[in-house]
Amino acid sequence: MNPLDVCVAHQQPSRGIQPSRSPIHTTVAYVCDDPDHADAILGGQQSGFCYQRDGHPNANSLRELCEKLHQPDQATHPTVATITSSGMAAMTLAVVSMLKSGDHVLLSNRLYGKTTTLIVQQCQKFGIAASEVDIFDVDALRAAFQTNTRMLVAETISNPQLRVADIPVLSEISRSHNALLLIDNTFATPIVCQPLQWGADLVLESITKFMNGHGDVMLGMLAGRKDLLEGIDKISSTWGLVASPFDCWLAERGMMTLALRMQQAGKNALAVAEYLASQEAVAKVNYPGLSTHVDRQIAERLFCTLDNEICFANMVSFDLPGGADTAATCIRRSPIPFCASLGEMSTTLSHPASTSHRLLNSSQLSELDISEGTIRLSIGCESRELLVNHLRQTLFGLDS
Ligand SMILES: Cc1ncc(COP(=O)(O)O)c(C=O)c1O
(Lines give C-alpha, C1' and ligand atoms only; values in the text may rest on other atoms or scores of the structure.)
Protein backbone atom coordinates (compact mmCIF):
# COMPACT_ATOMS: atom_id res chain seq x y z
CA MET A 1 0.00 0.00 0.00
CA ASN A 2 1.21 3.51 -0.79
CA PRO A 3 2.59 5.05 2.48
CA LEU A 4 0.40 8.08 1.83
CA ASP A 5 -2.63 5.81 2.14
CA VAL A 6 -1.22 3.96 5.14
CA CYS A 7 -0.85 7.25 7.04
CA VAL A 8 -4.07 8.95 5.98
CA ALA A 9 -6.38 5.93 6.07
CA HIS A 10 -5.03 4.49 9.33
CA GLN A 11 -8.27 5.17 11.21
CA GLN A 12 -11.48 3.81 9.69
CA PRO A 13 -14.38 4.84 11.97
CA SER A 14 -17.75 3.05 11.85
CA ARG A 15 -20.57 5.35 10.75
CA GLY A 16 -22.71 6.84 13.51
CA ILE A 17 -20.85 4.98 16.25
CA GLN A 18 -17.26 6.16 16.45
CA PRO A 19 -15.86 9.68 16.45
CA SER A 20 -14.03 10.38 13.19
CA ARG A 21 -10.74 10.87 15.06
CA SER A 22 -9.63 8.75 18.00
CA PRO A 23 -10.24 10.36 21.40
CA ILE A 24 -7.50 10.86 23.99
CA HIS A 25 -7.79 8.25 26.73
CA THR A 26 -6.21 10.03 29.68
CA THR A 27 -7.48 7.61 32.31
CA VAL A 28 -4.83 5.90 34.42
CA ALA A 29 -6.91 2.85 35.29
CA TYR A 30 -9.52 0.76 33.44
CA VAL A 31 -12.45 -1.06 35.04
CA CYS A 32 -12.39 -4.86 34.86
CA ASP A 33 -15.38 -7.22 35.29
CA ASP A 34 -13.79 -9.46 37.91
CA PRO A 35 -10.39 -10.89 38.96
CA ASP A 36 -10.42 -13.40 36.06
CA HIS A 37 -10.91 -10.59 33.58
CA ALA A 38 -8.03 -8.54 35.07
CA ASP A 39 -5.83 -11.64 35.14
CA ALA A 40 -6.57 -12.43 31.47
CA ILE A 41 -5.77 -8.86 30.36
CA LEU A 42 -2.61 -8.57 32.43
CA GLY A 43 -1.49 -12.03 31.31
CA GLY A 44 -2.02 -11.09 27.64
CA GLN A 45 -4.64 -13.82 26.98
CA GLN A 46 -7.33 -11.21 26.37
CA SER A 47 -7.07 -7.80 24.73
CA GLY A 48 -7.89 -4.79 26.87
CA PHE A 49 -6.31 -2.40 29.37
CA CYS A 50 -5.91 -2.29 33.15
CA TYR A 51 -3.33 0.35 33.96
CA GLN A 52 -1.93 3.11 31.72
CA ARG A 53 1.74 2.17 32.22
CA ASP A 54 0.99 -1.34 30.91
CA GLY A 55 -0.72 -0.05 27.77
CA HIS A 56 -3.42 2.31 26.53
CA PRO A 57 -5.47 2.83 23.34
CA ASN A 58 -3.50 5.85 22.09
CA ALA A 59 -0.15 4.03 22.26
CA ASN A 60 -1.77 1.01 20.60
CA SER A 61 -3.08 3.03 17.69
CA LEU A 62 0.28 4.73 17.13
CA ARG A 63 2.10 1.41 17.47
CA GLU A 64 -0.13 -0.18 14.81
CA LEU A 65 0.60 2.66 12.39
CA CYS A 66 4.36 2.19 12.93
CA GLU A 67 4.02 -1.57 12.40
CA LYS A 68 2.18 -1.05 9.10
CA LEU A 69 4.76 1.45 7.88
CA HIS A 70 7.75 -0.70 8.79
CA GLN A 71 6.31 -4.03 7.69
CA PRO A 72 3.45 -3.84 5.17
CA ASP A 73 3.42 -7.65 4.91
CA GLN A 74 2.34 -8.46 8.48
CA ALA A 75 0.93 -11.87 7.50
CA THR A 76 4.28 -13.26 6.36
CA HIS A 77 6.55 -11.20 8.63
CA PRO A 78 4.73 -10.45 11.90
CA THR A 79 6.30 -7.33 13.35
CA VAL A 80 5.77 -5.65 16.69
CA ALA A 81 6.36 -1.99 17.56
CA THR A 82 6.28 -0.36 20.97
CA ILE A 83 6.04 3.35 21.78
CA THR A 84 8.30 4.96 24.39
CA SER A 85 8.50 8.35 26.06
CA SER A 86 11.46 9.50 23.88
CA GLY A 87 13.94 8.23 21.33
CA MET A 88 16.44 7.71 24.16
CA ALA A 89 13.84 5.67 26.06
CA ALA A 90 13.52 3.44 22.98
CA MET A 91 17.30 2.98 22.93
CA THR A 92 17.29 2.22 26.67
CA LEU A 93 14.51 -0.32 26.10
CA ALA A 94 16.48 -2.01 23.29
CA VAL A 95 19.52 -2.31 25.52
CA VAL A 96 17.80 -3.51 28.70
CA SER A 97 15.61 -6.01 26.85
CA MET A 98 18.25 -7.51 24.55
CA LEU A 99 21.51 -7.42 26.55
CA LYS A 100 22.85 -8.80 29.80
CA SER A 101 25.95 -8.48 31.91
CA GLY A 102 29.00 -9.87 30.07
CA ASP A 103 27.74 -8.87 26.60
CA HIS A 104 29.59 -6.56 24.23
CA VAL A 105 28.01 -3.99 21.86
CA LEU A 106 29.59 -2.58 18.71
CA LEU A 107 28.65 1.01 17.92
CA SER A 108 29.05 2.96 14.72
CA ASN A 109 31.46 5.84 15.48
CA ARG A 110 28.94 8.27 13.92
CA LEU A 111 26.01 7.74 16.29
CA TYR A 112 23.93 10.42 18.01
CA GLY A 113 26.13 11.40 20.99
CA LYS A 114 23.69 10.45 23.75
CA THR A 115 23.30 6.95 22.28
CA THR A 116 27.06 6.47 22.54
CA THR A 117 27.10 7.90 26.07
CA LEU A 118 24.23 5.63 27.13
CA ILE A 119 25.85 2.47 25.85
CA VAL A 120 29.52 3.23 26.56
CA GLN A 121 29.21 4.96 29.94
CA GLN A 122 25.89 3.97 31.52
CA CYS A 123 25.76 0.34 30.39
CA GLN A 124 29.28 -0.21 31.73
CA LYS A 125 27.78 0.02 35.26
CA PHE A 126 25.71 -3.06 34.43
CA GLY A 127 28.62 -5.10 33.05
CA ILE A 128 27.94 -4.43 29.36
CA ALA A 129 31.02 -3.48 27.35
CA ALA A 130 31.04 -1.42 24.15
CA SER A 131 33.44 -0.28 21.46
CA GLU A 132 33.18 2.00 18.44
CA VAL A 133 33.95 1.14 14.85
CA ASP A 134 33.82 2.75 11.41
CA ILE A 135 30.96 0.79 9.81
CA PHE A 136 32.06 1.99 6.36
CA ASP A 137 35.34 0.05 6.70
CA VAL A 138 34.04 -3.51 6.26
CA ASP A 139 37.35 -5.19 7.18
CA ALA A 140 37.63 -3.14 10.37
CA LEU A 141 33.99 -3.93 11.14
CA ARG A 142 34.44 -7.69 10.76
CA ALA A 143 37.60 -7.55 12.90
CA ALA A 144 35.84 -5.57 15.66
CA PHE A 145 33.39 -8.36 16.57
CA GLN A 146 34.27 -10.21 19.76
CA THR A 147 33.03 -13.62 20.87
CA ASN A 148 30.55 -11.90 23.23
CA THR A 149 29.34 -9.20 20.76
CA ARG A 150 25.54 -9.38 20.85
CA MET A 151 24.54 -6.22 19.06
CA LEU A 152 25.69 -3.82 16.33
CA VAL A 153 24.14 -0.32 16.44
CA ALA A 154 24.15 2.01 13.42
CA GLU A 155 22.07 4.85 11.95
CA THR A 156 20.47 4.69 8.50
CA ILE A 157 21.59 8.29 7.84
CA SER A 158 24.32 9.67 10.09
CA ASN A 159 24.63 13.18 11.49
CA PRO A 160 25.88 15.56 10.08
CA GLN A 161 27.74 14.00 7.14
CA LEU A 162 24.58 12.07 6.14
CA ARG A 163 26.48 8.85 5.45
CA VAL A 164 24.08 6.04 4.48
CA ALA A 165 24.59 2.67 6.18
CA ASP A 166 24.63 -0.35 3.88
CA ILE A 167 22.09 -2.20 6.03
CA PRO A 168 22.13 -5.53 4.08
CA VAL A 169 25.94 -5.69 4.48
CA LEU A 170 25.73 -4.85 8.20
CA SER A 171 23.01 -7.47 8.58
CA GLU A 172 25.05 -10.18 6.87
CA ILE A 173 28.12 -9.42 9.02
CA SER A 174 26.25 -9.20 12.33
CA ARG A 175 24.29 -12.41 11.57
CA SER A 176 27.50 -14.28 10.83
CA HIS A 177 28.64 -13.27 14.35
CA ASN A 178 25.31 -14.16 16.02
CA ALA A 179 24.72 -10.51 16.87
CA LEU A 180 21.56 -8.44 16.44
CA LEU A 181 21.54 -5.42 14.14
CA LEU A 182 19.79 -2.38 15.62
CA ILE A 183 19.23 0.53 13.22
CA ASP A 184 18.34 4.05 14.36
CA ASN A 185 16.15 5.23 11.47
CA THR A 186 15.35 8.70 12.88
CA PHE A 187 16.76 10.74 9.96
CA ALA A 188 15.15 8.50 7.32
CA THR A 189 11.72 7.63 8.84
CA PRO A 190 9.88 4.56 7.45
CA ILE A 191 8.80 6.68 4.48
CA VAL A 192 12.38 6.75 3.16
CA CYS A 193 13.75 3.46 4.47
CA GLN A 194 12.41 0.39 6.23
CA PRO A 195 15.48 -1.23 7.80
CA LEU A 196 13.60 -4.42 8.78
CA GLN A 197 13.09 -5.10 5.06
CA TRP A 198 16.87 -4.94 4.55
CA GLY A 199 17.80 -7.39 7.28
CA ALA A 200 17.91 -5.31 10.47
CA ASP A 201 16.61 -7.20 13.51
CA LEU A 202 15.45 -4.06 15.29
CA VAL A 203 14.61 -0.53 14.20
CA LEU A 204 14.30 2.53 16.37
CA GLU A 205 13.08 6.05 15.72
CA SER A 206 12.88 9.25 17.69
CA ILE A 207 9.27 10.17 16.88
CA THR A 208 10.18 13.57 18.37
CA LYS A 209 11.75 14.51 15.02
CA PHE A 210 10.29 14.23 11.53
CA MET A 211 7.84 11.42 12.40
CA ASN A 212 5.70 13.76 14.50
CA GLY A 213 7.03 16.71 12.55
CA HIS A 214 5.61 19.60 14.54
CA GLY A 215 8.22 20.03 17.28
CA ASP A 216 5.71 19.59 20.10
CA VAL A 217 6.12 15.99 21.28
CA MET A 218 8.90 13.76 22.66
CA LEU A 219 8.39 10.09 21.80
CA GLY A 220 10.29 7.08 20.54
CA MET A 221 9.57 3.78 18.85
CA LEU A 222 11.24 0.37 18.82
CA ALA A 223 10.12 -2.31 16.33
CA GLY A 224 11.26 -5.76 15.29
CA ARG A 225 10.28 -9.34 14.59
CA LYS A 226 7.43 -10.52 16.79
CA ASP A 227 9.40 -13.42 18.26
CA LEU A 228 12.26 -11.09 19.23
CA LEU A 229 10.02 -8.51 20.93
CA GLU A 230 7.70 -10.93 22.74
CA GLY A 231 6.90 -9.34 26.14
CA ILE A 232 8.53 -5.99 25.27
CA ASP A 233 5.62 -3.95 26.71
CA LYS A 234 6.04 -5.56 30.11
CA ILE A 235 9.76 -4.68 30.15
CA SER A 236 8.96 -1.10 29.06
CA SER A 237 6.33 -0.82 31.80
CA THR A 238 8.71 -2.21 34.43
CA TRP A 239 11.47 0.28 33.51
CA GLY A 240 8.93 3.11 33.28
CA LEU A 241 9.77 3.99 29.67
CA VAL A 242 6.22 4.31 28.37
CA ALA A 243 4.56 7.22 26.57
CA SER A 244 1.62 9.38 27.64
CA PRO A 245 -1.76 9.17 25.83
CA PHE A 246 -1.72 12.85 24.88
CA ASP A 247 1.74 12.62 23.28
CA CYS A 248 0.71 9.48 21.35
CA TRP A 249 -2.46 11.20 20.17
CA LEU A 250 -0.52 14.26 18.98
CA ALA A 251 2.07 12.11 17.21
CA GLU A 252 -0.60 10.06 15.46
CA ARG A 253 -2.13 13.28 14.23
CA GLY A 254 1.29 14.48 13.07
CA MET A 255 2.02 11.19 11.32
CA MET A 256 -1.11 11.47 9.21
CA THR A 257 0.91 13.88 7.07
CA LEU A 258 4.28 12.10 7.40
CA ALA A 259 4.42 10.81 3.83
CA LEU A 260 3.20 14.13 2.41
CA ARG A 261 5.70 16.10 4.49
CA MET A 262 8.60 13.81 3.61
CA GLN A 263 7.75 14.01 -0.08
CA GLN A 264 7.74 17.82 -0.04
CA ALA A 265 10.76 18.16 2.28
CA GLY A 266 12.74 15.61 0.24
CA LYS A 267 12.15 17.57 -2.98
CA ASN A 268 13.07 20.78 -1.19
CA ALA A 269 16.24 19.21 0.24
CA LEU A 270 17.42 18.16 -3.22
CA ALA A 271 16.78 21.67 -4.57
CA VAL A 272 18.63 23.22 -1.60
CA ALA A 273 21.58 20.82 -1.97
CA GLU A 274 21.83 21.65 -5.70
CA TYR A 275 21.64 25.37 -4.95
CA LEU A 276 24.36 25.17 -2.29
CA ALA A 277 26.57 23.02 -4.56
CA SER A 278 26.42 25.81 -7.16
CA GLN A 279 27.69 28.44 -4.68
CA GLU A 280 31.40 29.33 -4.65
CA ALA A 281 31.21 30.29 -0.97
CA VAL A 282 30.35 26.71 -0.04
CA ALA A 283 33.22 24.24 0.18
CA LYS A 284 31.26 20.99 0.30
CA VAL A 285 27.62 19.88 0.34
CA ASN A 286 26.42 16.60 1.84
CA TYR A 287 23.13 15.17 0.66
CA PRO A 288 22.62 11.50 -0.26
CA GLY A 289 20.60 12.58 -3.32
CA LEU A 290 23.56 14.40 -4.91
CA SER A 291 25.52 12.35 -7.47
CA THR A 292 28.70 13.50 -5.69
CA HIS A 293 27.68 11.98 -2.33
CA VAL A 294 29.89 9.06 -1.33
CA ASP A 295 26.89 6.84 -0.49
CA ARG A 296 24.57 7.85 -3.33
CA GLN A 297 24.47 4.29 -4.73
CA ILE A 298 23.61 2.76 -1.35
CA ALA A 299 20.84 5.33 -0.93
CA GLU A 300 19.49 4.56 -4.42
CA ARG A 301 19.33 0.88 -3.49
CA LEU A 302 17.77 1.23 -0.02
CA PHE A 303 15.56 4.32 -0.19
CA CYS A 304 11.92 4.34 -1.26
CA THR A 305 10.38 5.92 -4.33
CA LEU A 306 7.66 8.53 -3.73
CA ASP A 307 5.76 9.97 -6.64
CA ASN A 308 8.16 8.23 -9.11
CA GLU A 309 11.27 9.74 -7.51
CA ILE A 310 13.61 8.31 -4.88
CA CYS A 311 13.26 10.30 -1.67
CA PHE A 312 16.64 11.00 -0.04
CA ALA A 313 15.09 12.52 3.12
CA ASN A 314 15.24 16.08 4.35
CA MET A 315 18.66 16.60 5.95
CA VAL A 316 21.44 18.55 4.17
CA SER A 317 24.78 19.74 5.53
CA PHE A 318 27.45 21.99 4.08
CA ASP A 319 30.88 23.33 4.94
CA LEU A 320 31.90 26.98 4.96
CA PRO A 321 35.67 27.29 4.43
CA GLY A 322 35.97 30.23 6.86
CA GLY A 323 35.42 27.98 9.91
CA ALA A 324 33.71 28.93 13.19
CA ASP A 325 33.71 32.72 12.64
CA THR A 326 32.14 32.52 9.19
CA ALA A 327 29.59 29.99 10.41
CA ALA A 328 28.65 32.24 13.36
CA THR A 329 28.28 35.30 11.10
CA CYS A 330 26.05 33.39 8.68
CA ILE A 331 23.94 31.88 11.48
CA ARG A 332 23.42 35.32 13.11
CA ARG A 333 22.13 36.90 9.93
CA SER A 334 20.21 33.90 8.61
CA PRO A 335 16.39 34.08 8.55
CA ILE A 336 16.49 30.30 9.19
CA PRO A 337 16.19 29.65 12.95
CA PHE A 338 19.23 28.15 14.71
CA CYS A 339 17.62 25.27 16.53
CA ALA A 340 19.47 22.28 18.00
CA SER A 341 16.77 19.85 16.93
CA LEU A 342 15.42 18.74 13.57
CA GLY A 343 12.43 17.43 11.69
CA GLU A 344 9.92 20.26 11.97
CA MET A 345 7.51 21.62 9.35
CA SER A 346 9.77 24.62 8.83
CA THR A 347 13.46 24.60 8.01
CA THR A 348 15.93 24.95 10.87
CA LEU A 349 19.71 25.01 11.00
CA SER A 350 22.24 23.73 13.45
CA HIS A 351 25.98 24.03 14.04
CA PRO A 352 27.26 20.55 15.02
CA ALA A 353 30.64 21.76 16.37
CA SER A 354 28.88 23.87 19.04
CA THR A 355 25.83 21.66 19.68
CA SER A 356 25.54 17.90 18.93
CA HIS A 357 29.33 17.38 18.63
CA ARG A 358 30.58 20.01 21.11
CA LEU A 359 32.37 17.46 23.30
CA LEU A 360 34.66 16.34 20.44
CA ASN A 361 38.09 17.96 20.04
CA SER A 362 39.30 19.20 16.66
CA SER A 363 41.05 15.98 15.67
CA GLN A 364 37.98 13.91 16.59
CA LEU A 365 35.85 16.31 14.53
CA SER A 366 38.10 16.04 11.50
CA GLU A 367 38.14 12.23 11.77
CA LEU A 368 34.38 12.45 11.17
CA ASP A 369 34.82 15.07 8.38
CA ILE A 370 33.14 17.73 10.52
CA SER A 371 34.61 21.22 10.59
CA GLU A 372 33.92 24.33 12.67
CA GLY A 373 32.29 25.65 9.49
CA THR A 374 29.85 22.75 9.06
CA ILE A 375 26.19 23.81 9.09
CA ARG A 376 23.37 21.27 9.15
CA LEU A 377 19.97 22.02 7.70
CA SER A 378 16.74 20.22 8.54
CA ILE A 379 14.65 21.10 5.52
CA GLY A 380 10.94 21.68 5.95
CA CYS A 381 7.91 22.10 3.72
CA GLU A 382 8.21 25.75 2.67
CA SER A 383 8.27 26.79 -0.98
CA ARG A 384 11.61 26.27 -2.72
CA GLU A 385 11.71 29.96 -3.66
CA LEU A 386 11.55 31.00 0.00
CA LEU A 387 14.26 28.51 0.98
CA VAL A 388 16.68 29.60 -1.72
CA ASN A 389 15.99 33.23 -0.83
CA HIS A 390 16.77 32.50 2.86
CA LEU A 391 19.98 30.70 1.92
CA ARG A 392 20.99 33.60 -0.33
CA GLN A 393 20.62 35.93 2.67
CA THR A 394 22.53 33.47 4.87
CA LEU A 395 25.51 33.32 2.49
CA PHE A 396 25.34 37.01 1.50
CA GLY A 397 28.74 38.59 0.87
CA LEU A 398 30.81 35.44 1.32
CA ASP A 399 31.94 35.34 -2.30
CA SER A 400 33.50 38.77 -2.24
C1 LIG B 1 19.50 10.14 15.46
C2 LIG B 1 18.87 10.34 16.80
N3 LIG B 1 18.51 9.26 17.51
C4 LIG B 1 17.92 9.38 18.73
C5 LIG B 1 17.69 10.63 19.28
C6 LIG B 1 17.06 10.74 20.64
O7 LIG B 1 15.72 11.07 20.48
P8 LIG B 1 14.89 11.87 21.63
O9 LIG B 1 15.41 13.26 21.63
O10 LIG B 1 13.48 11.72 21.18
O11 LIG B 1 15.15 11.15 22.91
C12 LIG B 1 18.05 11.79 18.58
C13 LIG B 1 17.82 13.12 19.15
O14 LIG B 1 18.28 14.12 18.64
C15 LIG B 1 18.65 11.63 17.30
O16 LIG B 1 19.03 12.70 16.57
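The protein has 15 helices and 13 strands. Helices here are DSSP runs of H or I with at least four residues, strands are runs of E with at least two, and both are numbered from the N terminus. The model is predicted: local features need pLDDT of at least 70, side-chain atom pairs count only at pLDDT 80 or more, and totals for chains, interfaces and linings use all residues. Residues are numbered from 1 along each chain as its sequence is written.

Start with the overall form. The C-alpha atoms fill a box of roughly 80 × 55 × 35 Å along the principal axes. For 400 residues, a compact globule would have a radius of gyration near 21 Å, and the 22 Å of the protein agrees with that. The radius is taken over C-alpha atoms, and the globule rule is 2.2 Å times the number of residues to the power 0.38. Of the 400 residues, 48% count as buried. A residue is buried if 20 or more other C-beta atoms lie within 10 Å of its own, exposed if 12 or fewer, and partly exposed in between, with C-beta atoms placed from the backbone.

The domain assignment gives domain 1 (3-255) and domain 2 (258-394); such bounds come from an automatic or database assignment. Their centres, taken over C-alpha atoms, are separated by 26 Å. The contact takes 28 residues from domain 1 and 33 residues from domain 2. Two residues are in contact if their C-beta atoms, placed from the backbone, lie within 7 Å. On the side of domain 1 that touches domain 2, helix H1 (3-8) and helix H8 (189-192) each supply at least two residues.

Helix H8 also holds Thr189. This residue has a positive phi of about 65 degrees although it is not a glycine. Most residues other than glycine have a negative phi, and most peptide bonds are trans. Thr189 is buried because 29 other C-beta atoms lie within 10 Å. Asn308 also has a positive phi, of about 70 degrees, and lies in the loop between strand E9 (305-306) and strand E10 (309-310). Asn308 has 5 C-beta neighbours inside 10 Å, so it counts as exposed.

Next comes a pair of helices. Two packed helices are described by the angle between their axes and the distance between the axes. Helix H3 (residues 57-70) and helix H10 (residues 245-255) pack at an angle of about 35 degrees, with their axes 8 Å apart. Axes are lines fitted to C-alpha atoms over the stretch in contact, and angles run from 0 to 180 degrees between N-to-C directions. Among the residues that meet are Leu62 and Leu65 in H3 and Trp249 and Met255 in H10.

Helix H7 (residues 167-176) has the buried residues Ile167, Leu170, Ser171, Ile173 and Ser174. What covers them includes helix H6 (138-144), strand E4 (149-155), strand E5 (180-184) and helix H12 (296-302). In the loop between E4 and H7 is Pro160, and the peptide bond from Asn159 to Pro160 is cis, with omega near -5 degrees. Just after H7, Asn178 takes a positive phi of about 55 degrees.

Last, look at Val96 in helix H4 (residues 87-98). Val96 is partly exposed, with 17 other C-beta atoms within 10 Å. Not counting residues up to four places away in sequence, Val96 touches Ile235 and Trp239. Val96 and Ile235 are 139 residues apart in sequence and 8.3 Å apart in space, C-alpha to C-alpha.
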